[in-house]
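Visitor: I'd like a close look at just one part of this thing, please, sheet and packing and all. Take your time, and tell me the cut-offs as you go.

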Amino acid sequence: MNFTHPFHDEDGDTLREECGIFGAINSTDAAAATALGLHALQHRGQEAVGITSFDGETFFSRRGQGHVAENFSTQEAIDELPGGMAAGHVRYSTTGGAGLRNVQPLYAELASGGFAVAHNGNISNAQALRKDLVGRGSIFQSTSDTEVIIHLVATSRYPTVADRLIDALRLVEGAYALIVMTPEGMIACRDPLGIRPLVMGKMGDAVVFASESVAFDVVGAELIREVEPGEMIQVDFSGEIKPIRPFGDHKPRPCIFEHVYFSRPDSTFAGHSVYEARKSIGAELAKESPCDVDLVIPVPDSGVPAAIGYAQASGLPFELGIIRSHYVGRTFIQPSDTARHASVKRKHNANRGLVEGKKIVLIDDSIVRGTTSLRIVEMMREAGASEVHFRVASPPTAHSCFYGVDTPERSKLLAARMELEPMREFIQADSLAFISIDGLYRAVGAKGRDKACPQFCDACFTGDYPTTLTDLDMGEHEPAQLPFTDHKAA
């Protein structure tokens, strides 16, 4: 099940998690398990996919644009990736652009042997580090921030690969969940604040890592635990698991938007069922912002759990007032505003017989630019709804994310430009309300937001960034695209 927001494809009117990663070591079918795990993580990245494997002597890699099924659905594709260790990556593109050269895992031959890395997150001082590395003679082959990690490892003077990786990551700021492959085994690592998710499991004799627990359900693995913030776990080919904490102790700040939107609802995150958390968010929203309406209607698919919670808490009927078509591709060209508007009808249609003459409240996970919300409200009014109210299962998104989430620049965020009433007028709803930041925290199991030391990263709502943002402060921009053409490798 793809739990992305299909309304948002044409104009980027959503927050998108940038990557999903999966790795397996000591598996008889490492590449096949990795492809299956990535398929379960497809919602975290739909533009490109790559898998790298190791057979004890040689690293093998296959990458391609598009979905996992388009690149790894045949036995021939899996046979190109032999060995008992493999790691894979699905991605959208922000840092570095969409060229095939940026599709991960990235691989390099270091003095110590092969080194492959799959990275979910974003390094917020990547350009400052890159400038320094280039000045010292490093030659970059991609425009991805992840390649900075490879060069830092390559130039470290520590004796072991693990120590070199630790040395490299001590220079890095921002968010990262990493799966690294070396000739000695696999290393999984999460940034000291745990902003991006990473979990560990067992599948027979194999150890597996993934961005979300749902990947383990699909491959038949048992969830063991989360990789702790700031933890590095080394697994060798004898099966020994060695966890270490090289970065000291920090108060974790996992991304709260995993609860709201990014993770699949059948995953767990920070010890809680994502589905139950979203229902709780809807229930809290109903308490904070009740609505005198006839029906509660979710914006498919991402608004469904919150709408169920809202309906249950308010005692109102939950109905599918918007019907989604599951047979519409993502990459349909939209040459005009008229065609973009028509695309809503291609992907979703108002259930006219249900909503006509009714007062309804729409439940969605977020409002980003606002154009999507406007189109949805217009569609419901055209279907005859007498009143259209709008409730949002997250606080206003008023700040850009610099930790691996694709957000528009702040000037294009509706909540950064407008107060609540102008926002309501913009989307043409009869009323508009967002869950409060404290309400969101209560819904995910906290007593409220600790202002002195927030329990989550909520910078997209509050502007309270948990790390320094060197590149932003220095006015650095992404590197220019390299002047050569990529060719599809898979």
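Guide: Helices (H or I, at least four residues) and strands (E, at least two) are DSSP runs, numbered from the N terminus. By that count, the protein has 18 helices and 23 strands. One caution before we zoom in: this is a predicted model, where local features need pLDDT of at least 70 and side-chain atom pairs count only at pLDDT 80 or more, while totals for chains, interfaces and linings use all residues. Residues are numbered from 1 along each chain as its sequence is written, and side-chain values use heavy atoms, with hydrogens and water left out.

Let's start with the open sheet. Six strands line up in the order E6-E7-E8-E9-E13-E14, with antiparallel pairing; two strands pair if DSSP finds at least two bridges between them. At the edges stand strand E6 (106-110) and strand E14 (241-244), each with a single partner strand, so each has one side left without a neighbour in the sheet. Going from one strand to the next, the twist averages 20 degrees (axes are lines fitted to C-alpha atoms, for helices over the stretch in contact, and angles run from 0 to 180 degrees between N-to-C directions).

Now go inside the sheet. Strand E7 (residues 113-123) runs antiparallel to strand E8 (residues 174-182), and eight bridges link the pair. If you want one to click on, Ala-116 has Met-181 in E8 as its bridge partner. Helix H6 packs on this sheet: H6 touches E7, E8, strand E9 (185-190), strand E13 (232-236) and E14, and its direction makes about 160 degrees with that of E13. Contact here means heavy atoms within 4.5 Å.

H6 has a helix partner as well. The axes of helix H5 (residues 146-155) and helix H6 (residues 161-169) come within 8 Å and cross at roughly 120 degrees. H5 and H6 are therefore oblique to each other (under 35 degrees is roughly parallel, over 145 roughly antiparallel, 65 to 115 roughly perpendicular, and the rest oblique). The crossing of H5 past H6 is right-handed, that is, the near helix is turned clockwise from the far one by less than a right angle. On the H5 side, Ile-149, Leu-152 and Val-153 make the contact, meeting Arg-164, Leu-165, Ala-168 and Leu-169 of H6. Sort those contact residues and you get six nonpolar, no polar and one charged; Ala, Val, Leu, Ile, Met, Phe, Trp, Tyr, Cys and Pro count as nonpolar, Asp, Glu, Lys and Arg as charged, and the others, Gly among them, as polar.
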